Amino acid sequence: SLKRLKVREMIRRMATVFFTPQLQRFTATPQVETGASTLREALEVAFAINPKLRGYVLDDQGHLRANVVCFIDGRRCTERIKLTDRLQADSRIHVLQALSGG
């Protein structure tokens, strides 16, 4: 039925968090599918899977580390402290280490 089809479509539409290979050198970086509505909620799902990952992404205050950048649907996140950037049901979040030097 149409109602079941819509439910299945809603279940399949989940935000996905990807971590770049640089972080894989230090700890396991799971690809995570979540129904989270904010960046922080999505990251917390990944941290629940691998708690060690938190220290590589967030600082002691729970803010995004200076050398970490998150992109949501191709746009750089704007809120690095509370991580309240909103996610769509099918958002793609990429977490990467910012490169420095030259």
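**A guided reading of the model**

Modeller: T20 has a relative accessibility of 17% and therefore counts as buried. Please bear in mind that the model is predicted.

Biologist: Where is T20 placed, and which residues is T20 in contact with, leaving aside its neighbours within four places in sequence?

Modeller: T20 lies in the loop between β1 and α2 (21–24). Once neighbours within four places in sequence are set aside, the contacts of T20 are V95, L96 and Q97.

Biologist: Which element supplies the largest share of the largest nonpolar core?

Modeller: That core has 23 residues, and F19, L39, L43, V57, L64, I93 and V95 are those with the most contacts inside it. At least two residues of this core come from each of β1 (15–19), α3 (39–49), α4 (53–57), β3 (68–72) and β5 (92–97). The largest share is five residues, and the element that supplies them is α3.

Biologist: With which residues is L39 in contact, leaving aside its neighbours within four places in sequence?

Modeller: L39 is among the residues with the most contacts inside the largest nonpolar core. Apart from neighbours within four places in sequence, the residues in contact with L39 are C70, I72, C77, L83, D85, L87 and I93.

Biologist: How many salt bridges does the structure hold, and which side chains meet in a salt bridge?

Modeller: The structure holds one salt bridge. The pair links distant parts of the chain, 10 residues apart, with one member in helix α4 and the other in helix α3. The N to O distance is 2.6 Å, and the side chains that meet are those of R54 and E44.

Biologist: Are R54 and E44 buried, partly exposed or exposed?

Modeller: The relative accessibility of R54 is 34%, and the relative accessible area of E44 is 29%.

Biologist: Why is the pair of F26 and Y56 described as stacked?

Modeller: A search of the whole structure finds one aromatic pair. The ring centres of F26 and Y56 are 5.3 Å apart, and their planes are at 15 degrees. Planes under 30 degrees apart count as stacked, so the pair of F26 and Y56 is stacked.

Biologist: How many residues apart are F26 and Y56?

Modeller: F26 is in the loop between α2 and β2 (32–34), whereas Y56 is in helix α4. The pair links distant parts of the chain, and the separation is 30 residues.

Definitions and conventions:
Residues are numbered from 1 along each chain as its sequence is written. This is a predicted model: local features need pLDDT of at least 70, side-chain atom pairs count only at pLDDT 80 or more; totals for chains, interfaces and linings use all residues. Side-chain values use heavy atoms; hydrogens and water are left out. A nonpolar core is a set of buried Ala, Val, Leu, Ile, Met, Phe, Trp, Tyr and Cys residues joined through side-chain atoms within 4.5 Å. Buried means under 20% relative accessible area, exposed over 50%, partly exposed in between (1.4 Å probe, protein chains only). Helices (H or I, at least four residues) and strands (E, at least two) are DSSP runs, numbered from the N terminus. Contact means heavy atoms within 4.5 Å. A salt bridge is a side-chain nitrogen of Lys or Arg within 4 Å of a carboxyl oxygen of Asp or Glu. Rings of Phe, Tyr and Trp (its six-membered ring) pair if their centres lie within 6.5 Å; planes under 30 degrees apart count as stacked, over 60 as edge-to-face and the rest as tilted.
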